[in-house]
Amino acid sequence: MGIITGIFLYCLPYVISVVVGYVLARAGNSHSLPEPSPSSRNGGTSEKQLKAREKVGNSRRSNPGVDRDELEQERIESCDGEDEVTSGELPPGGEEGDEGSFNLDKGAHISYKRTYDYNDEEMVVKSRQFYEEMNNRRSVRFFSDKPVPLEVIENLVRTAGTGPSGGHTEPWVFSVVRDQELKIRIREIIEAEEKINYERRMGQKWVDDLRPMGVTHRKPYLTKCSTLIVVFRQVFSFDENGGRKTHYYNELSTAISVGLMLAAVEKAGLVTCTTTPMNAGPSLRTLLGRESYERVTLLLPVGYPAEDAVVPDIYRKPLRDIIDIHDSQ
C-alpha cells in the first residue's frame, strides 16, 4: 500500500501539469469572432447594429461554444439528417386536403403575374434554345485583357440576386474587383495557398484527377481578366434593431445564385471559370474588408476569352445518366 501511495504522490505533479497544459491549450485555440473590419460600405450601419456585432464578438471570446450555433444550423438543414425516420414510422400528416397548407396571415402577398404564356410547342422550342446556349458554356482560363463595362458586371450581380434563399434572407455578397493592384494581391494569396494545397493538402489522387484539366497552383487568369467577382455567403447578419438574423441554407442559397450568374455570363457573351480558393478565404475576407461572419464561397474571373483560348476536350453526361423520371401523366 505504501509503495502505491508513493507512486501516486510521485506521479501527481506530472498529471497536474498535463491537465493544466491541456486546459491552457484549449483556451488558446478557441476561435473568437474578430471585430468587424472597417469599410466604406458600413456608412449606413446603425449604432444598434454595431453594438450587436460587438456583443456577438464579446460573447464568442468568452464562450467559444457559441460557434456551435452555426454547426447546429447546418445539421438541421441537412437533407440526410440524423433524425430521419423510415417510411413505416412517418409522423401523422396535417389536415385532410390542402386547405390550411399556407399561412398568409402574416407578411404581404401580391398576385403572381406570368411573364410569358407559351403553348406546349413554344415551350419545347424555348427550353431547347436555352439548353443549347447553356451547353456552349465552358470553364475558360485564358482571358483577354479587354475591359468589360461595369454596367454589364452590375447586371450579372443583379441576376444572381434574383435567386431564391431560405427565409428570403439573401445571404450573398459579391465583391467586384477591377483594380489591377488588388487583383495581383488576390492572385498572390491564392497561389500561395494553392501551392500548399497541391503539395500537401489535396493528396496525390486529387492532383492526378485534375491533370486532364491542365490546371496547377498557378492562376494567371486572376490578373489577366477584366473583373474578379469574389462570392461571399453570410452565415448570419443583423436586422435593423441590431438583433442577430439567421441565414437559413446560406451555402445552398448562395450556390444557386452563382448558377444564375454563370448563365448570365454566358448570355452576355463573356466567359468565366469557377475558382475555389481553398484555405484562402480568411485572407481574402481581410483584404476586401468584409465582415467576420462572411465566408468566401468561390471566385469568378469574368471577361472576354483570349483569341487563342483552349478548353479541355471533355463531354457532358447524356440525359439518360442524369435524369430519373417518375411520371403518371
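How many of the residues of strand E2 (residues 227-234) are buried? Eight of its eight residues are buried, and the strand is mostly covered; buried denotes under 20% relative accessible area, exposed over 50%, and partly exposed the range in between (1.4 Å probe, protein chains only). The model is predicted: local features need pLDDT of at least 70, side-chain atom pairs count only at pLDDT 80 or more, and totals for chains, interfaces and linings use all residues. Residues are numbered from 1 along each chain as its sequence is written, and side-chain values use heavy atoms, with hydrogens and water left out.

**The chain as a whole**

- The protein chain contains 10 helices and six strands; helices (H or I, at least four residues) and strands (E, at least two) are DSSP runs, numbered from the N terminus.
- Of the 329 residues in the protein chain, 30% are buried.
- The accessible surface of the protein chain amounts to about 22,900 Å², and 54% of this belongs to carbon and sulfur atoms; accessible areas come from the Shrake-Rupley method with a 1.4 Å probe, and for residues only the protein chains shown count as cover.
- Where contacts in the protein chain join residues at least 6 apart in sequence, 80% of them join residues at least 24 apart; a contact means heavy atoms within 4.5 Å.

**Strand E2 and its partners**

- Thr 227, Ile 229, Val 231 and Arg 233 point one way from E2, while Leu 228, Val 230, Phe 232 and Gln 234 point the other way, and all are buried.
- Strand E1 (residues 172-177) pairs with E2 in the antiparallel sense over six bridges; two strands pair if DSSP finds at least two bridges between them.
- Strand E6 (residues 294-303) also runs antiparallel to E2, and eight bridges join the two.
- Arg 233 in E2 is the bridge partner of Trp 172, and the bridge partner of Arg 233 in E6 is Arg 295.

**Helix H9 and its surroundings**

- Helix H9 (residues 250-267) includes Leu 252.
- H9 has 18 residues and reaches 26 Å from its first C-alpha to its last, close to the 26 Å expected at 1.5 Å a residue; the expected span is 1.5 Å times one less than the number of residues.
- Among the buried residues of H9 are Asn 250, Ser 253, Thr 254, Ser 257 and Val 258; Met 261, Leu 262, Ala 263, Ala 264 and Val 265 are buried as well.
- The cover over the buried residues of H9 includes helix H4 (120-135), helix H5 (150-160), E1, E2, strand E5 (271-272) and E6.
- Tyr 248, Tyr 249, Leu 252, Ile 256 and Leu 260 make a nonpolar surface patch of about 440 Å². Patches consist of residues with over 30% relative accessible area and no salt bridge, with like charges joined within 9 Å and nonpolar side chains (Val, Leu, Ile, Met, Phe, Trp, Tyr) within 5 Å.
- Gly 269 follows H9 and has a positive phi, near 85°.

**Salt bridges**

- The count comes to 12 salt bridges, a salt bridge being a side-chain nitrogen of Lys or Arg within 4 Å of a carboxyl oxygen of Asp or Glu.
- Side chains of opposite charge can pair when their charged atoms come close.
- In helix H4, Glu 132 and Arg 128 lie four residues apart, about one turn of the helix, and their side chains meet in a salt bridge (3.2 Å, N to O).
- Glu 132 is partly exposed, with a relative accessible area of 40%, and Arg 128 is partly exposed at 48% relative accessibility.
- A salt bridge also joins the side chains of Glu 133 and Lys 267 (2.9 Å, N to O).
- Glu 133 counts as partly exposed, at 32% relative accessibility.
- Lys 205 and Asp 209 form a salt bridge whose closest N and O atoms are 3.0 Å apart; the two residues are four apart in helix H7 (residues 204-210), about one helical turn.
- Lys 205 is exposed, with a relative accessible area of 61%, whereas Asp 209 is partly exposed at 46% relative accessibility.
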